[in-house]
Each structure stands twice: as C-alpha cells, then as structure tokens.
Amino acid sequence: MDFRQLRFARAFAFTILEINNRTDVLPGITLGYWIHDSCSDVQMAIKIALQFENGLDPVFNDTNSCLKSATVPATVGDSTSSASISIARTLGPFGIPQVSHSATCACLSDKHQFPAFLRTVPSDHHQAAALAKMVKYYGWTWIGAVRSDTDYGNYGMAAFLKAAQEEGICVEYSEAYIRTQPRRKLERVANVIRRSTARVIVAFVHAGDMKFIIEELAQQPLPPIQWIASESWIIHPDFLRFNICTGALGFGFPRSVIPGLREFLLDLSPKQVLESPLLTEFWESSFSCSLKGRTGSSEFLRECNGSEDIRALQNPYTDTSQLRITNLVYKATYAIAHALHSVICNETQCDQTIKFAPWQIYNHLKRANFTTKNGYQVKFDSNGEPEAVYELINLQFKKDGTLDFVTVGYYDSSKPRGQEFKMSSAISWVGGQTEVPKSVCSESCPPGTRKAVQKGRPICCFDCIPCAEGEISNKTDSLDCIRCPAEFWPNMKQDGCLPKPVEFLSWDDTLAIILTVFSITGAFMAVCVIVVFYRHRASPIVRANNSELSFLLLFSLTLCFLCSLTFIGQPSEWSCMLRHTAFGITFVLCISCVLGKTIVVLMAFKATLPGSNVMKWFGPLQQRLIVFSFSLIQVLICVLWLKISPPFPFKNLKHYKEKIILECDLGSVIGFWAVLGYIGCLAFLCFILAFLARKLPDNFNEAKFITFSMLIFCAVWITFIPSYVSSPGKFTVAVEIFAILASSFGLIICIFAPKCFIIVFRPEQNTKKHITGKVLS
C-alpha cells in the first residue's frame, strides 16, 4: 500500500474539514467529498470519472458530509499524469473542472485537448528546462537518459531532450521502463547503464519504477554514477536506503508546513479506521494485526489488542517533515472552495439553493488569486498552471552515516534568464565527493585547436584538430579557427596573433656591416687613387690617359661605392627614390667616362695615320659633351620614372607567411629596367670599342684594361638579374649592393690598379718613351 497516497487523501479530508470550520469561505455551507483510488490505472481512472458524471460509488467518504447534486461539480486529482489525462478527456467535454496536485505532464497544458484541466503543480516543461540548464551549468555534455514508459516519463523526457539539444548536450542513450514489463527489459536497461561511458544519468522516472532500476543496479558493482532526478523520486524516502543514490540531485516542490495536519493524521482510533477500507488496510499493514469487528478476511492472524500507537510509527503516512505534494493537495482543494464561494456566495451570505453548472466553477477557478491559511499564494496562468518554483534537492550523508534530503538551491522560472538558479549551500556529489564529476564524450579542445565532429557520432564526440597555418582559436572548444590579420601571425600555441616581425637590411645586421665596410673601403680606394693621381698629375702616365676623364671617373666611382649605402636601413619614401636614381645616374656617369676614354684611345691611334684630322673632333670639350650627353639621358629617364610612378616603401606579405618584408617597390617596372638597360647598353658599347682597341701598338694601351673591366662589369650585372629575381627579402637588397660593389671594384682595379702600381712602385716606367714603346722593357 502506498502510504504517501493515503496521506494525500487524508490531507484532502483535512482541508475540507478546515474549510467547513471557516466563516470567511463558504459560510453556512458544508462541503462533502468522495475519495476514489484509481490505483494509477488508466481504466480505473476512466471508470471513476464516469461515476463522477453519472452517480457515485463511495470508497472512502466522510459520512457527515452530503452532496446534493448527482454530478460532481469539481475534482481534485489524479496523482499520476496518465490517469489525469484519462480523467481530463472524460470530464472535459462536460465542463467539469479538474485540479491536479501531482500530474506534471507537459501535454496537459494543451487547452484544446484538456479545456477544464488545472493544476497546482508546475508543468514538466519547466522542470525539463531547469534540468537541462543545470546539466549545462555543470559542464556535462555527455549523459544517459532513463524514463518511465508512461505519459509522465515519455512527455517529460521529450521536453528534456529538446531543451538539452538547445543547450548543446548529447545523450548517449535513452531507455524506457515500467515495472509491469518483463524482468528481461529491466535487465537490459541495467546493462545499458553499466556499459555506458556517460557518468551522469537523467532519470525522469516514477518512484515505483526507479526503485526497481536501483535495486537491479545494486546487485553488481557499478561505476560511480551521478543521478539527476525528476521530482517524482528525488524526494521519495524509499531511496534514502540506497547508497548508490548518494549525491543524487534533482528538483523537488518546495517544502511547506500545514498547521494541524499532523494531529489530524495521527488522530485515528480503531473505531474510525474500521469505517474506511483504506484506513483498515493501512492500520493492519502498519501493525501486522487484524482489527476487531472487521468484516471480511484478513491476511494477519494476530488480532489487534488496542495497544497499537500510531504516533510510534515511522512511515510516509506519519512523516510530515517533507510536506511538498501534500501542500499542493491543500492548495487544490482550497482553489475549488474559493471558486465555489464565488459562484454561490455574495458579500454577506451564501445561497444553498442556487443552481449552478460545473463550467461556472471552472470560470472562477481560472481567475483564482488568494493566499491559503498557511501563507501560500494560489494563482493560475492562461494554461491553468502555477509559476514553477523548485527546491534543488541533494541526497547527502548525515553525521550518523545515513542519507537525507538537503536543500542546496532554488529555481524560479519567473526570474530573468540566467538568474533562475540560486545556490544556498554546497553539493555533495556521487560518493560524497566535493568536486563536480565529469561526463563528456570528448575532452574539451584547448585554444589553438578546433573541434571536428567524429563521423557518425553525436556532436559532443569530436577530435581536436590543430588550427591550420596562419589561424588561431583563442577559446576552449572553438568550432572554427580564425585567420590572423594580414600583418599578424599566430604564436607558438596558436591561441593569439602577434605582429609579424618586419625584415629589412638594417644597419646592425651582420651582412649590412660587411657590405658597409666594403663600400667605405671602395670609396677610400677611389679617394686614394685621386690623391695619387693628383700628386702625379704631371707624370706621363696620368697625362697620357686623359687625366680629366680619369679624375671624373674616380669621382663617379666614389659615388658608386657610396650610393650602395642608400640601400641599407629601413626603406622610406625618400630612400626608395634616392637609391635607384643615385645608382642609375652615378653608374651612367662612370660608364660614360670609360666610354669617353675608350673613344679617345681609338681616335688617338687613328690620328697617327697620314692626313688624319680626326682628333680635332675629340678634344676636351667634345669629351665633356660625350659624358654630359650620355649622363643627361639617364637623368631624363630617372626624372620620368620619379614623375610617373616612383619607387615607394612596400610591405611584402606574400613572400613569407610568418614575417613582413619591408622593401622598396619599384613603382614603374619599366622605369627600373630602362635605367638598368641603359647602363647595360653603354657598358656593352664600351666593351666592344675597348675590345677593338685592345691590340693597338702601345706599351701601355688602356683599352686592354677597359676591356677587362667591362667584361667584369657585364658579367656581374648579367648574373645579377636572376639572383635579384630569386633572392628573398633582405637578400634581394644585398644582391643589388653586391652587384654595385663588385662592378665598381672591377672598374677601379682593372683601370687604375696598374697605373698606381707603376706610379708608386715602378717610377722608372713612368716616362714618355716607355709609354710610347720607344724603350724596351
């Protein structure tokens, strides 16, 4: 026998008695009642509903009450959702209101199917949402699900699974069971739970069904399971004896106090008990004896002797410390009484003779808004339901080692989103642990990785894939990696973007220092040659090799060496324009001087022919014009280049992914190659002319040295082109500087080194006769 259900029935009778004793609710009216036990059976519930409509067959009633109408104007119940659905479908078409104290199925909120149904218990829609939010709050993304194979379990679990899906929670399995099914079904459910990897199980199960599941699981060792319970069993005292339920967490209806109820429940004498078959069964079952004067057979052989004390009993009937659903019975009964009061009473008195229809009571029930004697508000929304307020119940060990219900928090659906929960004390988890248990299919992906769902498995089962090159994820469990901005690159952990290092040929770079040393050395050599030539400017070897062009050539070589320095350092707008134009103009000036010297050599030998007057066209003025003209063309090319599309600083983001190359963009590629091409044409022309003059008779034919210098010059710049194109970053600039220095050193060494050697170390050869070949060497 379910003693809790008996307590609900007796609480209903107590409430009727309390109302009848009040003068402010239905004054002068005595309410009657009939109590039927549906035994949680749908067919029995339908039978009782039909009796309510047509006539009554009392099972447990107050003999002092009376009901004048043949049809019941309102009902309280049933306790289960399935039975309540059947009753609501039967009574609804007749407009007979039904107020349930315990039927929580979300399906009963449908006013089209159940137009006359109301309840003082919140819908499972709220409980399911609260359970899903709680599961999400504690980070459980991989759970198991068990439900009663009834309307309560099926509809409740469906609402939970929908809410869980919205919260990103995955369900490994969902099993249904009801205690009337064969044992092999129970064993199958237990085996699924044992084999599962989910360590958190949400159980939307009737207390009776859950008891069978727990007993089956307790027969074999079981991994630690964190139970998340529905309100049906989290507050049921039967589960306090199962250690497997330690740490169970779930929502229960708020605990309450009903003054006078305990005294009413315990105020039973054998005489009163004999008047009701239900109380008779309770008495005999509790004391294991048969009552005197009982009609019918009893399973107990011992006869009750009158010493039985109901106050000494410890069972759900006498336990009023956890009045939760009992208070909902109390509220439901009062709601009907207030609605009946609104129908038959005015401000001063009630009319016992008034005729009313059940739908009138229902209309007033919908608008009910009052506070019960024990201080609880009764109010229904548009669906005939109260606001959802739950206590968060936790099964914890007491100091004496026994389990007990402990309220650890509250949930109020009327609060703003995110503020529904309010924790009041610490939770004891499975096994009495203080740390929150983990239940995930896959461990969280750390920053720097992204989630990749495993094929054919729920979204909570995933692999952690490192972000691709150039991408990051800066939070846990990222679905996608994000690409760093163009000027940024991921750090080593790929969880943040750092500015890319900027690369250019800086002054403190080893390569730049070496090139600078060579550049200054070359300029110093040119200055030294100038000093030597100036001090020996009157000597034959200096005069014979066109001293004016020589000094101009040495000056231009000095500039060539120094212009390489403009390529070092961070590129700026001015340095980019200067480096290429300075290089182009100084080199053309240099080659123009060499070309002038070559032409003078050729013409000088032609002038020795009889009748030749050619040298008058290649005097000093003409030589200056040659150098000026060739240089002016390069200047014009550079001016056009700078005017149309000049070089500019440019951040090259494409060559290297992980760093920025700061370089000078050419601006106009045509301008760059025009400058370089013009230098090449002059060098090639100079090489051809010098090559033609290399065998002219003379002890010191300068054309030979010019040929060698132009050969080196052309070789350097021919190899420069592929090296320039293929060299990355700062090495592009280094290659260009190397080409400038190599060609400059080639010119100064090939043309001026032999002359300086003779001037300094062989002064005896620095004579006119030796130069003209009249003295044998």
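I started with Asp209, which forms a salt bridge with Arg179; the closest N and O atoms are 2.9 Å apart. This pair links distant parts of the chain, 30 residues apart: Asp209 sits in helix H7, and Arg179 in the loop between S7 and H6. The model is predicted, so I read every distance here as a property of that model. Next I looked up the burial of both partners. Asp209 is buried, at a relative accessible area of 0%. Arg179 is partly exposed, at 40%.

**Entry: the other salt bridges**

How many salt bridges does the structure hold? I found 15. One of them joins Lys133 to Glu420, with the closest N and O atoms 3.0 Å apart. Lys133 lies in helix H4 and Glu420 in the loop between S14 and S15, so this pair ties together parts that are 287 residues apart in sequence. I checked Glu420 for accessibility. It counts as buried, at 8%.

I then went to Glu187 and Arg183. They form a salt bridge whose closest N and O atoms are 3.2 Å apart. Both are in helix H6, four residues apart, and are thus separated by about one helical turn. An α-helix has 3.6 residues a turn, so residues three or four places apart point the same way. Salt bridges that share partners join Arg183, Glu187 and Glu216 into one network.

**Entry: helix H6**

I stayed with H6 and checked its length. The helix has 13 residues, 183–195, and at 1.5 Å a residue it should span 18 Å. Its end C-alpha atoms are 18 Å apart, which agrees. Which residues of H6 are buried? They are Leu186, Val189, Ala190, Val192, Ile193 and Arg194. I looked up what covers these buried residues. The cover includes strands S6 (142–148), S7 (170–177), S8 (200–204) and S9 (226–229), along with helix H7 (207–217).

I turned to strand S14, residues 403–412. Seven of its ten residues are buried, so S14 is largely enclosed by the rest of the structure. S14 pairs with strand S13 (residues 389–397) in the antiparallel sense, over nine bridges. S13 and S14 form a hairpin with five residues between them. In the turn, Gly401 has a positive phi of about 90°.

S14 is also joined to strand S15 (residues 421–423), by three antiparallel bridges. Leu392 stands opposite Gly409. In S15, the bridge partner of Gly409 is Met423.

**Entry: the S3-S4-S5 sheet**

Three strands form an open sheet here, in the order S3-S4-S5, with parallel pairing. The edge strands are S3 (75–76) and S5 (117–119), each pairing on one side only. Between S3 and S4 (residues 98–100) I found two parallel bridges. Val76 stands opposite Val99 in S4.

The peptide bond from Gly77 to Asp78 is cis, with omega near -5°. Asp78 is in the loop between S3 and helix H3 (81–91).

I noted Leu26, a residue other than glycine with a positive phi, near 50°. Leu26 lies in the loop between helix H1 (3–20) and strand S1 (34–35). Leu26 is buried, with a relative accessible area of 1%.

I noted Gln494 too, where phi is positive and near 55°. Its place is the loop between strand S20 (488–490) and strand S21 (497–499). With the cut-off for buried at under 20%, Gln494 counts as buried at 17%.

**Entry: Thr141**

Thr141 is in the loop between helix H4 (124–137) and S6. What does Thr141 contact, leaving aside neighbours within four places in sequence? The contacts are Gly168, Ile169, Cys170, Ser439, Val440 and Cys460. I also checked Thr141 against Ser428, 287 residues apart along the chain; their C-alpha atoms are separated by 20 Å.

**Entry: a surface patch**

Last, I looked at the surface. Phe684, Ile688, Phe691 and Leu692 make a nonpolar patch of about 390 Å². Leu692 lies in helix H19, residues 669–692. At 57% relative accessibility, Leu692 counts as exposed.

Notes. Residues numbered from 1 in each chain as written. Predicted model: local features only at pLDDT ≥ 70, side-chain atom pairs only at ≥ 80, totals over all residues. Heavy atoms only, no water. Expected span 1.5 Å × (residues − 1). Buried < 20%, exposed > 50% of the residue type's maximum accessible area, 1.4 Å probe, protein only. Contact = heavy atoms within 4.5 Å. Patch = residues over 30% accessible without salt bridge, like charges linked within 9 Å, V, L, I, M, F, W, Y side chains within 5 Å. Areas by Shrake-Rupley, 256 points an atom, 1.4 Å probe, with all protein chains shown as cover. Salt bridge = Lys/Arg side-chain N within 4 Å of Asp/Glu carboxyl O. Pairing = 2+ DSSP bridges.
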